[in-house]
Structure formats: structure tokens, C-alpha cells
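Subject: Structure handover

Hello,

Here is the structure I promised to pass on. Please open it beside this email and follow along.

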Amino acid sequence: MSKILAVALSTLIAASALWAVPLVGTAHERFKAAIRDAEQPQTNSFITPVRLKPSNSRGLIATVWVNDSGPFQFALDTGAGVSLVSRDLVTKARLPVHQSNRAFVGGLSAGSIVSNQSTTVRSIAFGTPNNKLSTSFSAAVVASLPGQLDGILDPTEAFSPRGYSIDIPKGELRVIDFSERALQSADVRTDGALVKWVRQRNDHRPFVRLGDSRLALIDTGSNFGLAVSDGRVVGMNPNRQNRTMRDLSGGSISARRVAPTTVNIGSLVLRSVPTDVLFGAPAGTPVLLGRDALYPFRLTFDPANGLIGIEPSEQ
């Protein structure tokens with residue numbers, strides 16, 4: 001199985017909330033109650049809410065047990081496209097290793113991660129060894145990961161067919177069942193938006209359509225704002241300094257923060273969004289919405305019905 005890991009970058013400091021307004025409606029309260037009901041233990045199908053620890057250099061970190069072994073440190077990355085585990089984790093958790101027909105390739109810099117081995121994870125727990133989720137997903141096996149990480153978790157694939165929510169300011173992950181009831185507009189706060197999950201061919205990552213018709217990847221693995229490659233921006237201030245950022249492969253990429261922009265996503269209008277220009281990114285790198293742009297929000301992903309809810313956090 002071949003998958004391209006196009007995004008997951010190391011991170012810097014998350015931005016402060018720029019546009020979140022605490023409004024709570026009756027429909028939103030009903031949806032919160034439905035989530036609480038769904039999260040009650042039912043034959044290990046669901047897990048209790050998971051605390052995510054933000055890291056300056058590694059992103060949103062969850063403490064994880066694999067095959068009852070651990071604890072391990074995993075970064076939660078919606079932009080990854082494939083989960084990764086270190087060879088050390090594979091040994092400790094006694095996971096089987098398989099040769100892949102084609103190599104996994106990932107990273108934004110020239111020094112990409114390359115792996116022709118994979119494993120299958122069937123038992124994973126979050127926060128405590130008993131908070132288990134029944135699942136089955138493949139992960140690429142790599143020699144090591146930067147920042148003392150043991151793994152990178154692609155939640156869309158790892159939690160499939162379930163959905164999930166990531167509250168970035170609150171630092172909380174929830175797993176939600178949308179098989180019987182799809183995410184609806186009434187479930188999202190009036191100052192939020194329910195938008196279509198735009199699927200690319202052979203790519204399950206969460207893309208959304210911006211108001212100017214560009215596709216943007218929701219990427220919790222980077223702390224960019226709105227990030228675009230250098231060929232898409234003109235009129236940059238030549239006096240601004242580039243900053244160097246490390247990606248998962250250990251390579252580096254240059255980025256320059258430019259003037260903030262206004263971004264439309266469905267009915268949401270985001271003003272003063274931090275904006276970055278990427279230099280040296282591979283051809284085909286999509287527009288990214290990183291954590292600096294997403295920080296004020298709780299993001300709810302309904303992969304079964306192709307919907308994404310974006311609303312201010314109630315932290």
C-alpha cells in the first residue's frame with residue numbers, strides 16, 4: 001500500500017485566540033449531550049475524552065499504549081496521511097513487521113522519510129492503559145522520529161470508521177460515532193460553520209474549500225497559519241527574515257511570516273489569520289491551515305458523511 005505523507009511538521013508556539021466568541025445554543029447543548037452518551041464504554045468501541053499536551057516542537061501530544069505496552073508519545077496529525085511508528089516502539093509492543101510493495105515517503109524537505117516496512121496496530125489506549133479503542137490500522141515503520149516521539153497518529157485512519165473532534169485551545173480529543181446520525185448544522189455553534197470535507201483522489205486527509213476556491217488542508221501537525229508555497233504569493237516584504245523549521249524527516253524548510261490575511265471557510269470569516277510563505281516545499285504541496293490559524297477552534301470530523309464542523313472552543 002502506497003501513501004504520501006505530505007505535511008506533518010515540527011512546531012513552534014501556538015498563537016493566541018484571535019476570533020473565538022463564546023456563544024452556546026440549545027442545539028449545540030443537545031449535540032454535546034449526544035457526544036457524552038456516545039462516549040460511555042461500549043465493548044471498547046469508544047474512549048473517554050483524551051487530554052492532549054501541546055508541545056512547542058512536536059505539536060499535539062497524546063500518551064498512548066500499544067498492545068498494552070507503553071507509555072509512548074504520539075503526535076496527533078490530521079495532515080499526515082499515514083501513521084508512523086518508531087522501530088523501538090515496534091520492538092517493545094511486539095508488533096509484526098511487513099514488507100510494503102511500495103515505499104512510504106514523507107516530509108516537506110529534501111530529506112524525506114522513506115520506509116518500505118509497515119505494521120498493523122489493533123489495540124491502542126489513550127491517557128491510561130485501560131482507555132482502549134478497538135481499531136485496526138496500518139503504520140509505516142521508521143528508524144526514529146525527531147523530538148523523542150514514538151509515533152505520529154493519523155486520526156482519520158486510526159479511528160475509522162468513527163469520527164473525532166479536536167479542541168485545540170482546550171487540548172482535548174474525543175472519538176464520536178456518526179454511523180447513525182451525521183454531523184448537522186444544528187450541532188455547530190451559530191458562530192461556527194459546517195463545511196464539506198473535500199476528498200482528493202486516493203487521499204483521505206481533510207481538505208476544505210476556501211472562499212476564493214482554493215483547497216486547504218487542515219493540518220494539526222504544523223504550527224503554520226495559512227501556509228502557501230512561494231510561487232503563490234507576490235509582493236512580499238524583502239526585509240522580513242525567513243525562519244527555519246524542522247520536519248519529521250529531520251530536514252529543514254524555510255518559511256516567512258507575512259502580513260495576516262482574511263480567510264473564508266463556509267460561513268466563517270476569519271480575520272487577521274497568521275500567514276506563512278513556504279520556500280523549497282515539494283511541488284504539489286497544498287495550501288495548509290496549521291495550528292496558528294486553527295488555534296481558536298474545536299474541529300469536528302465526520303468522515304462517514306464527509307463533513308467538518310469548525311467552531312470556537314468553549315475553553
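First, how to read it. This is a predicted model, where local features need pLDDT of at least 70 and side-chain atom pairs count only at pLDDT 80 or more, while totals for chains, interfaces and linings use all residues. Residues are numbered from 1 along each chain as its sequence is written, and side-chain values use heavy atoms, with hydrogens and water left out.

**Overall**

The protein has four helices and 23 strands. Both are DSSP runs numbered from the N terminus: helices are H or I with at least four residues, strands are E with at least two. The chain has 315 residues, and 57% of them count as buried. Buried means under 20% relative accessible area, exposed means over 50%, and partly exposed is in between (1.4 Å probe, protein chains only).

Now the contacts, meaning heavy atoms within 4.5 Å. Take those with a separation of 6 or more: 67% join residues 24 or more positions apart.

**The loop residue T78**

Find T78 in the loop between strand 5 (69-76) and strand 6 (83-86). Is T78 buried or exposed? T78 counts as buried because its relative accessibility is 0%. Its side chain reaches the backbone oxygen of I218 at 2.6 Å. Beyond its neighbours within four places in sequence, T78 is in contact with several residues, including P155, R205, Y164 and F301. The last two come up again below.

**The aromatic rings**

The structure holds four aromatic pairs. Rings of Phe, Tyr and Trp (its six-membered ring) pair if their centres lie within 6.5 Å; planes under 30 degrees apart count as stacked, over 60 as edge-to-face and the rest as tilted.

Start with F159 and Y164. Their ring centres are 5.8 Å apart and their planes lie at 70°, so this pair is edge-to-face. Next, Y164 and F301 have centres 4.7 Å apart and planes at 25°, so they are stacked. Y164 is in strand 11 (residues 163-167) and F301 in strand 22 (residues 297-302), so the pair ties together parts 137 residues apart in sequence. F301 is buried, at 0% relative accessible area.

Ring pairs link F126, F159, Y164, W197 and F301 into a cluster.

Best wishes

Terms used
A polar contact is a pair of N or O atoms within 3.5 Å; within protein, one must be able to donate a hydrogen and the other to accept it, and residues adjacent in sequence count only if both atoms are side-chain atoms.
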